Each structure stands twice: as C-alpha cells, then as structure tokens.
Amino acid sequence: FYELVYYPVVSAALMNKKFLYRDKCYLYAKQNRTSAFDYADLSRQAYDSIVSETNYYNNQLAGGKWKYMMSMNPRDLPVYQGPVIPNFVIDKSGLFDVIPEGFKNKDSALISGSSKKLSMPVFNHYTDRKYFIDVFLNDNQRVEWTSAINANWIKLSQEKGVLEGISSKKQTRIWVSIDWKNAPANEKLSGQIRIKVAGKEFIVEVIANNEDYRALKGYDGFIEDNGFVSMFASNFSRVDNKSILGWTICEDLGHTGKDLAALPLNIKPAKVSVDPEAIKSTAPLAMYDFYSFTAASPVINIYTLPTHELNRDYGMRLAASVDDGPVKILDFKTVGRSEVWKQNVLSNSAQTSFKAQFIETGKHTLKIYMVDPGVILDRITINLGGLQKSYGIIPETRISRMD
C-alpha cells in the first residue's frame, strides 16, 4: 500500500503544495503582506517532506529492501528541485493594509494607505455571489481593526478583529454579501464599507445591481456577470445529435466534474466536412443560452481536455458560432511532445479562442458543433470586456428559471 498508493499520492500532493505556497509567497510579497514569509516556509516544508518520505521509502521501508529503488528527482528535471524563493522586502511603514477581491497589482498605489477609494466587483442579485476583502499586516505587530457599513443591505462575515505577528493571525478575510430582501427593489445600489485601524481608514465601494429585467422572466440559462459569462460544457441548454454521432456527457472528467465528449470513438474513418454550411446542417450541436448586459464583440474561450486525435483521418476540431453568426472552425491538435502539448498536460486543458461578431444586449446562443470524434469539451468563458485571469476554474454564471 505504501509503495503503490501512499507514497505517489502524498508526494504528488506535496509537489502541488510546494508550488502553490511558492506562488502565494510571490503574490503576497508583491502585495506587501508579511505573511509572504510564512508561505515561503510552507513551500520549503513541502519539499523537505518529499525528501523525508523518499528517504523512508529507500532506507527504512521493509528494512531497506527498496534502497535505490525510488528517486525524488528523476532525470534531474528542474520541476523536482527545491522551491526558488526570491529575495523580497516588506515595507513595514504602513503596518496594515486592505485589498478587495479583483484588486490589480498595477494599482500598487492603493497598497500603503493611499486615500484613493477601493472597489469590489459588482454584486448582481441574479447570480447572488459573495466577494471578499483581505485585511493584513505589513509588520508583525498586534493591531485591532473595525469596520462599518453605511447601508443595512451590506452584510459582512465579521465586523472587527485582531491581527498579530503569528502565522495564523497575520491576515483575515472578510466575506461581503448582499441582503437582497432588505435592498431597495429594482435599483442599482451604491454603498460603502469603512475599515479603520490605528488612525488609518480605507473606504471600499460596494455596487449592487438589484434591477429586474422583464426579458429574464422565466429565463433559465447563463448570464453576464461583471463583464463575462462562464459555462461548464455539460450544462448545455439543448443538444441536437445526429444519427449515432453526438455530444455525450462523461462523468468524473476534467475540471468541472463531468465533460462533454464527441462520441463514439469506434467509428469508421471518414472525411470530415469543414464547409461551414455543411457543418450547420449535418453536425451534432450543443447550445448554450446566455444573456448579455453589454453590447460588444465578445471573445469566446473554449477549453477541452488535452487529448490526441484518434488517427490520421481525424483532427481535434470543433466549430462554434454565436447566434447565426459565422461558423469558426477551431483545432486543438498538437504534435508529439511539443511545448504546447506539455503546457496543456500541466494545466489539463487545451484552449483556443475566437472573436465573434458584434452582439447587442439581450439573449443569445453559443453553438458548439461536433467535427472530429474524440474531442472532450470541458468549459467555456465569454469575455464581454470584464474577464480577468484566474488561477483556477471560474464558477458558472448561471441562473435557474426566474419567476
């Protein structure tokens, strides 16, 4: 059990921690958080634990029976080395800082007590999300902080607290949500959160959209939220399969728990048509309804699993369009152990994009056509001008039927 299950699983988890903690160290150092040092230590500890487990495997397990059997750095690849932690200095003069979700590092003037107001992502009653504000130390001193709101529809997970120079108390996260029942109906709301400590005050603007749209009455589908739409492939609005070919849900795959696969795989080789009109009339089709509050030419980002084509008769293609716009043929094919293939495997995603035609506000449909069997569709994002880079998977911006 140790050799076949425990060691590979635990060591893989420690490898992930080594990199995740290192990345947090990088980010928090840029944000001037004293907790950056703690994440540097956690990254090193994860690496040291791999060394310890490998030593046990080779020298203690079964009385040393497997000595020289296991290597923790095969082929001396850099990925297996200890974490590289840059030298960094935290400016202690501010003592305490605040960063809301969505903060961009280029706005560094906001860190260190600038009087400029901070703002959070816009809250939308259709998606009913909560967002966070991080409060953290620049110096390992004990400070007490308090918060106040100027509207009773703003809800905070905590209103005051204490930060100290020990690893578990150098920072805290306040979750902000909206009490929609107490919020004025059918309005775009504006409020503030004030966070105070040691004579310094931060003002965080809160914008909440509580407007009702007649067009969304009875609507069941995806919706724009803060300038983007996020969809999981298996949650299509409708599917129109052809004959034995079609998009089929496959459980326990990908980043979202289940994916949409172009099946079956055991079909005779055939020349696949790449004529857009032929694709429209003959190809299996998955449709995703979405509602846009922004008139724009959206960028559609489509993610599949990193697989290879079935054989030389096929590629790794699918086709897509928005509404009745032009059909775009997208190819996810990679060759051998190319750099693109390596990066796809590391992220467990292959991604490509296209820019759709200009669309007005309102209801639209994204159409994904099957071209080659074997393509496994994972997720889609639609950038209407507000999509930011994300470390992980962006939650769906989906609403159930609205009364």
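Which residues line the largest cavity? The points below take up this question after a short account of the model and the chain.

1. This is a predicted model, in which local features need pLDDT of at least 70 and side-chain atom pairs count only at pLDDT 80 or more, while totals for chains, interfaces and linings use all residues. Residues are numbered from 1 along each chain as its sequence is written, and side-chain values use heavy atoms, with hydrogens and water left out.

2. The protein chain has four helices and 23 strands, these being DSSP runs numbered from the N terminus (H or I of at least four residues for helices, E of at least two for strands). Its C-alpha atoms fill a box of roughly 70 × 70 × 35 Å along the principal axes. Of the 403 residues, 45% count as buried, where buried means under 20% relative accessible area, exposed over 50% and partly exposed in between, with a 1.4 Å probe and protein chains only. Among contacts (heavy atoms within 4.5 Å) between residues at least 6 apart in sequence, 75% join residues at least 24 apart.

3. The largest nonpolar core has 31 residues, and those with the most contacts inside it are Tyr-288, Ile-302 and Leu-377; such a core is a set of buried Ala, Val, Leu, Ile, Met, Phe, Trp, Tyr and Cys residues joined through side-chain atoms within 4.5 Å. Strands that each supply at least two residues of this core include S16 (285–292), S17 (299–304) and S22 (376–383). A second, separate core of 29 residues includes Phe-96, Tyr-131, Ile-193 and Ile-195. In soluble globular proteins, nonpolar side chains tend to be buried together.

4. Leaving aside residues up to four places away in sequence, Ile-302 touches a set of residues that includes Leu-318, Phe-332, Ala-350, Ile-368 and Leu-377.

5. The largest cavity is lined by Thr-304, Leu-305, Pro-306, Thr-307, Phe-332, Thr-334, Trp-341, Asn-344 and Ala-350. A cavity is a set of points on a 1 Å grid over the protein atoms alone where a 1.4 Å probe fits but cannot get out, and lining residues have an atom within 4 Å of a point. The largest cavity holds about 30 Å³ of space, and the count comes to one cavity of 30 Å³ or more; a volume here is the space filled by probe spheres set on the points, which are joined across faces, edges and corners. The lining divides into five nonpolar, four polar and no charged residues.

6. A search of the whole structure finds 16 aromatic pairs, meaning rings of Phe, Tyr and Trp (its six-membered ring) with centres within 6.5 Å, whose planes count as stacked under 30 degrees apart, edge-to-face over 60 and tilted for the rest. The rings of Tyr-2 and Tyr-7 have their centres 6.3 Å apart and their planes at 45°, so this pair is tilted. Tyr-2 is buried at a relative accessible area of 15%, and Tyr-7 is buried at 6%. Ring pairs link Tyr-2, Tyr-6, Tyr-7, Tyr-56 and Tyr-57 into a cluster.

7. The rings of Tyr-213 and Phe-293 have centres 4.9 Å apart and planes at 50°, so this pair is tilted. Because Tyr-213 lies in the loop between S10 (200–209) and S11 (221–223) and Phe-293 in the loop between S16 and S17, the pair ties together parts that are 80 residues apart in sequence. Tyr-213 is partly exposed at 26%, and Phe-293 is partly exposed at 24%.

Key
1 Å grid on protein atoms, 1.4 Å probe; cavity = no way out; pocket = protein on both sides within 12 Å on 5 of 7 lines; lining within 4 Å. Nonpolar A, V, L, I, M, F, W, Y, C, P; charged D, E, K, R; others polar.
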